[in-house]
Amino acid sequence: LHQLSQIEKFSSVHRRPDFDTNFAYGTAGFRMRADLLDSVVYRVGLLAALRSRKLDGETIGVMITASHNPPEDNGVKLIDPQGEMLEASWEVYATKFANARSDEELAREYFNVAETLKIRLDAPCKIAYGRDTRASGPALVSALKDGLSAAGAEFSDYGVLTTPQLHYIVKCINTAETSSPYGEPSQAGYYKKLAAAFKAVMKGKPKPGLITIDAANGVGGPKLAELLEVLGSESLEAVIVNDDVEATQKLNQQCGADYVKTQQKLPAGAEPEALQLYASLDGDADRIVFYYVDEAKKFFLLDGDKIASLAAMFIQELLEVSGVEDVEVGVVQTAYANGSSTAYLQDVLKVPVTCTSTGVKHLHHAAQLYDIGVYFEANGHGTVLFSAATIKALESFEAASPGQQSAVDTLLSLADVINQTVGDALSDLLLVLTVLAHKSWGPSEWNMAYTDLPNRLVRVVVDDRFAFKTEDAERRLVEPQGLQAQIDELVKKYKFGRSFVRASGTEDAVRVYAEAATRLEADELALKVSELLK
Ligand code: 16G
Ligand code: ZN
């Protein structure tokens, strides 16, 4: 009853601003213009408390960020106890809370969920939260705190951090008392773990060449600087550009991983030297893409597909050398994966490939089905998951030679370099540098594995994006009826042609992807398919 009055009281300070917006907890939580989010974040606080209570007081994370979106946007998402995305069945509660039309309706929803799921409202609950560098962050944090207070939650503020850092911290807190604690639940603990693993995996290898990193003027800039500090210049030297987090309006503007991937060109502030490695982070540092220019200044993108291929190749080689048997490596991609990458993985590396719908939660779960599951979206979000049984098998393996032992040690250190909770730009940076150092490769050798098919992504605004329903991991349209047949007709005319249409989960638009043998044909196919939607 105390909670009831508190929830209603605080709710009246965090009223829903308008009734035109229909809030939906989508692929990346709630994400929209920051000035619409106050009531949403307050309500997410209430839901986080219920989620923790449902799970016997395990710590739940709340991250306030809008990733690669423009500076005036913000967003909020929940993190489950092992550092995973919120369990999908809870998304509907989030959506219901956000759309409640009055203080009373909100309170009713709160007690409904508690009753339906048999949640004891006096059970302990703990929340850990953080935010990126957006100007709207502090105000949204206070809305969140009001929600948590109203629900009687215990909470810790982790301040400004990257999204993957908060995922890491949540997992650390919840594994602290177990036989395999993940690490120290702090930013310092995160840097320490990554740095120690990177030093171990790089033992005896030459220090990587200078790398330049575009931090999208977001939280990744200062956090990468902190990581470099802990690593020491004897381990890694990097130049960080676009690292102005004070001028918050510069966030993700003409720079960052999303810009580079979608525009397929260099970010502002980069004047690359031929054959040196460059990388761009996104606004909350859970994505990374790499690139370089050749002597003729031609730009080459090394995206998530290239990272997945590099990682799968390296892990497979290490497994072979190690003599460890019965470990299945698999790769998980989405429909956006370049056709050449899928062919390379299947035909050259001979690894199984799964295709899932867009969104980290889908890829993550599919990757967990492999002993070592490599998952990356083409946009640069991804990681490599090592199953507990695989780690055990590696730890207890009796090597027959120093060569075998060294391969096993490298695999084990690699598992610590790679964030096991979610895609992490800083951790993925170290992963890529590790493989390149072990192979003595520069960016152009990395790029040689396969040649991307030219491709084009087009955003089309339609009357009702929810009319577009897909199947087969978003590769085919079921509705509107007849449209898929028309797309098939067009695709048939292009060599290596492939195209699909899906509704965006983060924007009010539909996306058209097309690839074909040449740049011109890919552009033309994308355009023709887009015209079908009008
Ligand atoms: C979100 C997803 C990202 C996906 C993107 C697709 C998470 C944490 N993030 O940002 O993985 O690529 O949405 O956006 O799941 P779209 O639906 O607008 O194309
Ligand atoms: Zn992001």
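Two strands pair if DSSP finds at least two bridges between them. Helices (H or I, at least four residues) and strands (E, at least two) are DSSP runs, numbered from the N terminus. With these terms, an open sheet of five strands has the order E1-E3-E2-E4-E5, with mixed pairing. This is a predicted model, in which local features need pLDDT of at least 70, side-chain atom pairs count only at pLDDT 80 or more, and totals for chains, interfaces and linings use all residues. Residues are numbered from 1 along each chain as its sequence is written, while chains are lettered from A and ligands numbered from 1 in the order in which they are written.

- From one strand to the next, the twist averages 15 degrees (axes are lines fitted to C-alpha atoms, for helices over the stretch in contact, and angles run from 0 to 180 degrees between N-to-C directions).
- Strand E4 (residues 126-131) pairs with E5 in the parallel sense over five bridges, and Lys126 stands opposite Glu154 in E5.
- Helix H2 (residues 38-54) packs on the sheet, touching E1, strand E2 (59-64), strand E3 (73-79) and E4. Two residues are in contact if their C-beta atoms, placed from the backbone, lie within 7 Å.
- Helix H5 (residues 137-150) lies across E2, E3, E4 and E5, running at about 150 degrees to E2.

**Strand E2 within this sheet**

- Six of the six residues of E2 are buried, so E2 is largely enclosed by the rest of the structure. A residue is buried if 20 or more other C-beta atoms lie within 10 Å of its own, exposed if 12 or fewer, and partly exposed in between, with C-beta atoms placed from the backbone.
- Thr59, Gly61 and Met63 point one way from E2, whereas Ile60, Val62 and Ile64 point the other way.
- E2 pairs with E4 in the parallel sense over six bridges, and four bridges join E2 to E3, which run antiparallel.
- Ile64 stands opposite Arg131 in E4 and opposite Val76 in E3.

**A second topic: the sheet E7-E6-E8-E9-E10**

- Five strands form this open sheet, and the pairing is mixed.
- Strand E7 (238-241) and strand E10 (299-302) are the edge strands, each pairing on one side only.
- Strand E8 (residues 277-281) and strand E9 (residues 288-293) run antiparallel and are joined by four bridges; Tyr278 stands opposite Tyr291 in E9.

**Nonpolar cores**

- A nonpolar core is a set of buried Ala, Val, Leu, Ile, Met, Phe, Trp, Tyr and Cys residues joined through C-beta atoms within 7 Å.
- Of the 134 residues in the largest nonpolar core, Ile127 and Val374 touch the most other members.
- Helix H10 (residues 304-322) gives the largest share of this core, 10 residues.
- A second, separate core of 19 residues includes Leu477, Ile487, Val512 and Tyr513.

**Pro454**

- Pro454 lies in the loop between helix H16 (443-447) and strand E15 (455-460).
- Why does Pro454 count as partly exposed? Pro454 does so because it has 19 C-beta neighbours inside 10 Å.
- Pro454 and Asn338 are 116 residues apart in sequence, yet 8.7 Å apart in space, C-alpha to C-alpha.
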